[in-house]
Each structure stands twice: as C-alpha cells, then as structure tokens.
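Please look through the structure shown here before reading the numbered points below.

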Amino acid sequence: MSDLVIVESPAKAKTIKKYLGSGYEVVASMGHVRDLPKARLSVDIKNNFAPKYEIIKDKEKLVDDLKSLAEKSDNIYLATDPDREGEAISWHLAYILGLPDDYSNRVEFNEITKNGVTNGMNNPRSINIDLVNAQQARRILDRLVGYKLSPFISQKIRRGLSAGRVQSVAVRIIVDREEEIRKFKPEEYWSIDAKFIPKGSRKSFAATLYADENGKIKITNQEQADKIEADLADAEYMITKVKHGTRKKSPAPPFITSTLQQEASRKLGFQSRRTMKVAQELYEGIDIQGMGATGLITYMRTDSLRVSNVAVQEVTQYIGSTFGFEYLPPKPRFFKSRSNAQDGHEAIRPSMPSLAPDNIKNSLTSDQYKLYKLIWNRFTASRMADCIQKTTQADIEANGYKFKASGYRVDFDGFTTLYVESKDEAEEKSTQLPPLEKNMPVKCRELKKNQHFTQPPARYTEASLIKALEEYGIGRPSTYAATITTITSREYVKREAKTLIPTELGEVTTNLMKERFPKIVNVKFTAQMEENLDKVENGNEEWVELLDDFYGDFDKTLKKAKADMEGVKLRLKEDETDIVCEKCGRKMVVKVGRYGKFIACPGYPDCKNIKKYVEKTGVTCPKCGGDVIIKRTKNKRIFYGCSNYPVCDFVSWNEPPHERCPQFGEVLFKKKGKKPVLFCTKDGCGYTKKSDLEDK
C-alpha cells in the first residue's frame, strides 16, 4: 500500500515523485475532470443557480483509473495548483473519489523543490470551500453571459459569434482607443535645438530652447520659429547656470503575473499565451543535467510582491559572492503589493536563486532559457543596490532666450549591471556633458528649428493592454492570456505588427453591446464584479446572492433587447465581396456556417448559390502569377498555396509579406525561427533580410 498524490500534469507529477520517493504514487488528472458540459447551459437558474457538472468527455477512463488507485491507497492527497482553479479541481476530485468534506488532504506547492514539496506535504488542510465557490461563481457568471448573450449577438450580426463577460470589456477598451485615435486632431508645434561648443573644448553638447524673458515658451507655427531664429542670428551665448546633482535609480520589483507578461512581450516578443505556457513548464519541472526533474520558478499566477526570507538570504549571499558586497543595498528591500492584491503566493522568482541561467542553459529549450533568464535577472536585480548617477543641468542664454542642456553619467551601475526594466515609452539615453561653468561663453555650432505635430494615443500592444486590464481591475492574473487569445482568435481584434486593432466585427459588436448591454461592457461594473468575487473567496459574500443580483437585471435587459431588435440584422462591410453571383447577379457575401466561412448569395432562399471561402494574401504566386492564398491543415496549421492548384503546385509553410526582392523583383517569404528572416524564392539569388514581422 502507498499514498496517492494527484496533481494536474505529468511533468509536475514526475518532479514531485522524485522528491517523495517510493512510498508515494503520483499521478496527473490532466486538468479538470468534471465541468459544465458544452452542449447546454447546465445551470439550474431557478434552483439557486445549481451547476450540473459532468465528467468531461474522453476522461471517463482516466477517472476510473483514479478511483481504482484511490481504493488501493492508504492516504489520498490533492496537490493541484495553488489557486482558485486548482482548488476547484481538487474539490471535483474529492467528490468523484468520495472523500469527506473535512478530510485534510489538500496540499499546496508554491515551488516544486525538495523544501517546497516537503513543506506542502507536512501541512495538509481541508479544501477551502470559499475558494471553490469563487471559482464556481466566475464559471457560472461566464456561462450565463456566454450562453444567453451569444445567440443574440450571432442572430443580429453573424452566425457563430460569442460574447464573454471579460472579453467584451477588453474589446471595448481597444475599440474606445481606436475611436480616440480617429477623433484626434493633431496640433502643430515647433522646437529649436542647438549644439554648443564650450570655449577651449572640441566636444559639442546639445540643448533645447525652453524659455524667453517672459518664461516658458511654446512655439506654435513657423512664423514664430523664424522670428526666434532671426533674433538669435549672430548672437553671443553664455552659460548662466550650472547645477550638479546625484540621483538614485532603484530596481523594479520581482515579477507578478501581469508584469511578467508585459516584460516578456517587450523584451522577448512573446505573446502572453506563450509566456504562460513556458512559465508553467518552468514551475512544474524540467530535467536538469545532474539534478533530474527540477521546478525552476515559484508559482507563476500571483499578484503579490512578497518574497520568503529564505529566498532573500540565498540571493543576498549569491550577489555578495558573485558581484561583490558593494552591490548589496544597505538593508534588504521591501516591495509593497497593490492594495487589491490577494497575496496568496510569493512573487515569481527562481526557486533556487543560486542556479544561474547559463549554468543550466544546455538543459532548457530556447524559450525556457529566455524566460528563466528574464525571471532570474529581474529577481536578482531587485535585491541589488541602487544605480547612482551624477547629473548636470546647464542654462545657456542669448538675446533673452534660454536653452537647457541635461546630461548624466553613471557613477555606480548597481543593479543595472544585470537588468534594466523596459518601458512602453521612449527611455532617456545616457549623455555626458563636457565640463561646464557659470559665465562660460559657448559657441553655437548649429541652430535647427523642427516642425512637429502632437500624436494620437498609441494603439494597445499586448503589454499595454495587460497593464490597462490590471489597472482597471478587469480579470485576474490567470485570465489575461486567455482573454487576449480569445478576442484575437474570434476576430474581434487583429494583430498588426505588435499592436492590437479592432476589426469591423469587433467595433459593430462593441457598439451593439454599449447600446443594449451597457453594464456588460462597463469597465467599472466589471471591476466591481471582480471585487465581489474576491469577497466570495474571502468568505465575505455568498456566491448565490452575487449571481442572483447580477442575473435579475441581465435577464430583463436581454429580453428588452430581443423585443426592441426583433427582425433587425446588422450588416458588416467586411462581409461583402466583389464576387458576382453568376446565377442572379447579386454581389455575394461571406457567411459563417458549422464548418467555418463560405461565400453565399444574399438572395437566399430564392438563390442558393454558394462558393468556397478563399483567404487571399494579396501576393502573386512566384510560379504562375496566380493568387497566393491561406490554407489550413486538418490540425488548423496555416500554410500557403496557389489558387490555381492543381494546375500550379506551389506551396509553402513560409508567410509571404508584401515585399519583393530588390535584385530580381521576386516575392519574399518569411522563414520563422528565433530570428525570422525574409528570403528570395528565385534559384541562385540568396537575398535575405531581417524580418520585423511577428510570427502568426
């Protein structure tokens, strides 16, 4: 007889088995084993929203195997992930296996190391029903919105559409930003920049006009800029003020889920889904040469900046011995979590701070190495000393006009020797001014006036959208990646380079939701719902009451929308085509059926003409000049082929951007990989160039 430990994934099971030894059987549930079936609502609204759970299709044999193992075991431990979802999986497993409600068999592993596993196994507890109820409430809320609202949206806009509680708000945020950009009216302004050379020096430095004798100046047109330029012709310049200072730059805190996704997007070009997939692998355990299966990071779904004392001691020792004790701060740093943080787990950090990325590089995939290095660098840098910079500011005056020059040099690099956080906005570049003194004359080597226009707000990237969702309180750490994946895969939003742009479908759907279901797409309402779910988790609110409060108003709104819009159908321009129906002469439209998109005559049922839907790339075939179109394998993998198939057999896995070879004019294709490149298809050419386009 042995003890049974149930986790979620085989990789996690393998790592934990290594630490527990022969007295334990460690198996994986492969995620959820019981859920609301997809074919129907599966919520009894009239009976306190009672969910009707069933064993997930194709998991019946797995459940039977788990029951068989449970019957043969002395003790059963449920070691699913330490969050709401993991708690719910354990609760479902306990129900299936017939375990008592007060059975202390729930264990948590914040990190899958020897200490982490031992501590978890030594401190079993009963299942936290408040956590389970918070997960159930979210699941049922999303099911009610999705299954009640999606048919309405599909009927009014396009078949097959779906509406989601969090995804609809995310799309609205992107749509609202697009409307801001369209309404934006640029304003003209000018800058006047100069380059000066101090007396007796050969090194020039840059300065910008910022004031005149009346104070700060704003140059709004060329006439004003020309006058200033004329006033400064042959002027004599003098340094009137020099200010030296010291500033400290402190490191960023260790990662939480949202900041990890943002920084992986900026520094590594990872989409949030890719980031979380790799982070899960690092947490669950990887075979490290000489160490075996090892969990490399702490749990990656967290909103807390808390770090254990043991980890602080380990990283402090590592920094002192590797970089020198001058790279340690005078006292250990403390980072304060956000006021609404759940603080259930530590910040994301390496489970063994002394295990440097380069020491295990050969045991990791490229993605695993990059992400582990990012997490390790960020955590280690967060415990290091400040960067000390010596700053200089100087004012230069001539004929009543004032220029300002700023510069700094690094006096002590501190944490920046290892890591500097990326920003969405432009970062200040290090510039060092030559020795300057008050009343020193300088010569103007160049005076240049530049026209500018104010810029509209930037479109969202994955990083900035996640930041916005977090600031608004929309969703939680575990939902960001899934939300972005959903809104792009369902074509409410499209990617263009690194930006997220709403499609016409996204805008029409959002406008309909804003008009008919304002609460569902209201940022504050959705954020309040998240707070209410947190209250359920903390035992301060009943989950059935939460659902009842929401559903009463939602149901009335839905019924009114159906009555008001009876017989109304919204048309999308993007659904129109230039293809003329050869049977009746109408322009055919794109429709969505059970098996995907197809082209149909809008005259149905009088005209039932349909055609296969073809996605054109806008690129001509390098073999025959036909259209290169997007195709998909049975597994939905994208490839590219000629529309004249089978007459033309051109096919490629590589994406054809709208670029041609400068040597022969042939179509360039993008080869995917760590460093994507565009290459020419013509035999003997060999032309390549670096690609800035993201992989699809």
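Predicted model: local features only at pLDDT ≥ 70, side-chain atom pairs only at ≥ 80, totals over all residues.

1. Residues are numbered from 1 along each chain as its sequence is written, and side-chain values use heavy atoms, with hydrogens and water left out.

2. An open sheet of three strands runs in the order β2-β1-β7 with parallel pairing, where strands are DSSP runs of E of at least two residues and helices are runs of H or I of at least four, numbered from the N terminus, and two strands pair if DSSP finds at least two bridges between them. Because β2 (24-28) and β7 (76-78) stand at the edges with a single partner strand each, one side of each is left without a neighbour in the sheet.

3. Strand β1 (residues 3-7) pairs with β2 over five bridges in the parallel sense, and Asp-3 stands opposite Tyr-24 in β2.

4. The structure holds 43 salt bridges, each being a side-chain nitrogen of Lys or Arg within 4 Å of a carboxyl oxygen of Asp or Glu. One of them joins the side chains of Glu-530 and Arg-165 (4.0 Å, N to O), linking helix α15 (residues 523-537) with helix α6 (residues 165-183) across 365 residues. Both Glu-530 and Arg-165 are buried, that is, under 20% relative accessible area, with exposed meaning over 50% and partly exposed in between (1.4 Å probe, protein chains only).

5. Within helix α6, Arg-172 and Asp-176 lie four residues apart, about one turn of the helix, and their side chains meet in a salt bridge (3.0 Å, N to O).
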